[in-house]
Amino acid sequence: MHLFYTPDITPSHPQYFLNEEESKHAVRVLRLEVGAEVQLIDGKGGLYTAQIKDAHPKRTILQITNVVTEYSKRNHYLHIAIAPTKISTVWNGSGKSYRDRH
């Protein structure tokens, strides 16, 4: 099943229109036709299953058949700390180092 990133999708709408770039990719490159199922993700934990209703290369219409909110939500957070490397000179705001003034 093909997966499309659709950040502007909302769970309340029964249909979704792919933009021109995604429509062209779905219809011409992937050769998806009416009735084919695709999956959509919104980047916020939403996973949508949809069926193609109109396979047009400029504006493909999808009928949303299933919505899963908080898909694969984890019960923990990941924190990353990065330490800068040791620098032999310290720079001030003017572009000259403190070493250059001595």
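Select Tyr-5 first: this residue stands opposite Ile-41 in strand β3. Strands here are DSSP runs of E with at least two residues, numbered from the N terminus. The model is predicted, so local features need pLDDT of at least 70 and side-chain atom pairs count only at pLDDT 80 or more, while totals for chains, interfaces and linings use all residues. Residues are numbered from 1 along each chain as its sequence is written, and side-chain values use heavy atoms, with hydrogens and water left out.

Next, display β1 together with β3, which pair in the parallel sense over four bridges; two strands pair if DSSP finds at least two bridges between them.

Keep β3 (residues 37-41) selected and colour its two faces. Val-38 and Leu-40 make up the covered face, whereas Glu-37, Gln-39 and Ile-41 lie on the uncovered one.

The bridge partner of Val-38 in β4 is Ala-50. Follow the chain through the hairpin of β3 and β4, where five residues lie between the strands; Gly-43 takes a positive phi near 80° in this hairpin.

Proceed to β5 (residues 61-68), whose pairing with β4 (residues 47-54) is antiparallel and spans seven bridges. Select Asp-54 to find Ile-61 of β5 opposite.

Finally, show the whole sheet. Its five strands are arranged in the order β1-β3-β4-β5-β2, forming an open sheet with mixed pairing. At the edges are β1 (2-5) and β2 (15-17), each pairing on one side only. From one strand to the next, the twist averages 40°, with axes being lines fitted to C-alpha atoms and angles running from 0 to 180 degrees between N-to-C directions.

How values were computed:
Buried means under 20% relative accessible area, exposed over 50%, partly exposed in between (1.4 Å probe, protein chains only).
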